[in-house]
Amino acid sequence: MVQNFNSVSEFTKNVSRGTFGISLITLTEPKMRKTNNPFYGRVHKASYMTNVALGYDYENSVNNRLDKKGLEADFQAEKPKGKSWCEYPYILQADKDASIKYLRCTMRANTKAKSVFILDGKIVTDAAIEAQIKGFIQTSSTSKKQAESGLDDAEQVVVRDYKLDGVIYLGQGEKSFNRVLGFADLSKLREFFK
């Protein structure tokens with residue numbers, strides 16, 4: 001039976017904690033350097049990800065990986081920077097503005113992602129312009145704390161927080177949250193990223 005949910009929160013309440021196999025589509029504004037950046041404030045990134053995990057406890061996940069390596073599993077996670085849990089372990093809210101909420105996702109080793117840049121509302125198809133945009137994007141770093149505990153970059157637990165406003169689609173099997181009614185069919189959403 002197909003189940004369509006009206007909110008991200010409603011979707012997360014209907015999947016098992018620690019579940020994987022989630023399809024996710026997001027629309028985000030990437031963090032960019034401002035200095036001499038002609039693209040600043042004009043770029044968005046649309047991403048389609050498969051086999052994303054929801055509801056994983058970050059601290060437990062890191063300790064499980066340390067234990068599998070035969071290392072001391074005493075990792076202690078810090079509070080998410082600038083955020084607090086409002087629906088643990090799925091949804092966080094900004095400390096400064098509780099109306100801003102985030103979906104916490106864990107990226108697995110077999111999580112696949114494809115992204116496109118959108119400049120001034122149009123998908124970037126010119127490779128040279130895409131390369132220029134990438135040159136201004138701030139890259140995300142790995143966890144120094146996990147590295148100090150003994151996990152190299154490839155072994156680390158990777159979590160990402162996406163603003164709920166930017167979550168376009170969530171799906172697992174017959175369950176889905178779909179913000180864009182014109183893209184009611186998952187196959188149409190997948191076609192967008194080919």
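Helix H2 is followed by glycine 70, whose phi is positive, near 80°. Helices (H or I, at least four residues) and strands (E, at least two) are DSSP runs, numbered from the N terminus. This is a predicted model, in which local features need pLDDT of at least 70, side-chain atom pairs count only at pLDDT 80 or more, and totals for chains, interfaces and linings use all residues. Residues are numbered from 1 along each chain as its sequence is written, and side-chain values use heavy atoms, with hydrogens and water left out.

**Helix H2**

- H2 covers residues 58-68.
- At its start, a side-chain oxygen of aspartate 57 comes to within 3.1 Å of the backbone nitrogen of glutamate 59.
- Tyr58, Ser61, Val62, Asn63 and Leu66 are the buried residues of H2. Buried means under 20% relative accessible area, exposed means over 50%, and partly exposed lies in between (1.4 Å probe, protein chains only).
- The cover over these buried residues includes E6, H4 and strand E8 (158-163).
- Aspartate 67 also lies in H2. Aspartate 67 counts as exposed, at 53% relative accessibility.
- From aspartate 67 to glutamate 78 is 11 residues in sequence and 19 Å in space, C-alpha to C-alpha.

**The second largest pocket**

- This pocket holds about 350 Å³ of space. On a 1 Å grid over the protein atoms alone, a pocket is an open set of points where a 1.4 Å probe fits, with protein on both sides within 12 Å along at least five of seven lines. Grid points are joined across faces, edges and corners, and the volume is the space filled by probe spheres set on the points.
- Its lining has 19 residues. Lining residues have an atom within 4 Å of a point.
- Tyr56, Ser61, Arg65, Arg108 and Val157 lie nearest the centre of the pocket.
- H2 and strand E6 (101-119) each supply at least two lining residues. E6 gives the largest share, 5 residues.
- By type, the lining has 6 nonpolar, 7 polar and 6 charged residues. Ala, Val, Leu, Ile, Met, Phe, Trp, Tyr, Cys and Pro count as nonpolar, Asp, Glu, Lys and Arg as charged, and the others, Gly among them, as polar.

**Salt bridges**

- Side chains of opposite charge can pair when their charged atoms come close.
- The whole structure has 7 salt bridges. Each is a side-chain nitrogen of Lys or Arg within 4 Å of a carboxyl oxygen of Asp or Glu.
- Arginine 42 pairs with aspartate 120 in a salt bridge, at 2.5 Å from N to O. This pair links distant parts of the chain, 78 residues apart. Arginine 42 sits in the loop between strand E2 (19-28) and strand E3 (43-54), and aspartate 120 in the loop between E6 and strand E7 (122-123).
- Arginine 42 is partly exposed, with a relative accessible area of 31%. Aspartate 120 is partly exposed as well, with a value of 48%.
- Glutamate 78 and lysine 145 form a salt bridge, at 3.6 Å from N to O. Glutamate 78 lies in the loop between H2 and strand E4 (83-87) and lysine 145 in helix H4 (residues 144-149), so the bridge ties together parts that are 67 residues apart in sequence.
- Glutamate 78 is exposed, with a relative accessible area of 62%. Lysine 145 is partly exposed, at 30%.
- Lysine 79 and aspartate 95 meet in a salt bridge, at 2.6 Å from N to O. This pair also links distant parts of the chain, 16 residues apart. Lysine 79 is in the loop between H2 and E4, and aspartate 95 in the loop between strand E5 (91-94) and E6.
- Aspartate 95 is partly exposed, with a relative accessible area of 41%.

**Backbone features in loops**

- The peptide bond from tyrosine 88 to proline 89 is cis, with omega near -5°. Proline 89 lies in the loop between E4 and E5.
- Asparagine 36 is not a glycine, yet has a positive phi of about 50°. Asparagine 36 lies in the loop between E2 and E3, and counts as exposed at 71% relative accessibility.
- Aspartate 120, the salt-bridge partner of arginine 42, has a positive phi near 50° in a residue other than glycine.

Key:
Contact = heavy atoms within 4.5 Å. Polar contact = N/O pair within 3.5 Å; in protein donor to acceptor, adjacent residues only side chain to side chain.
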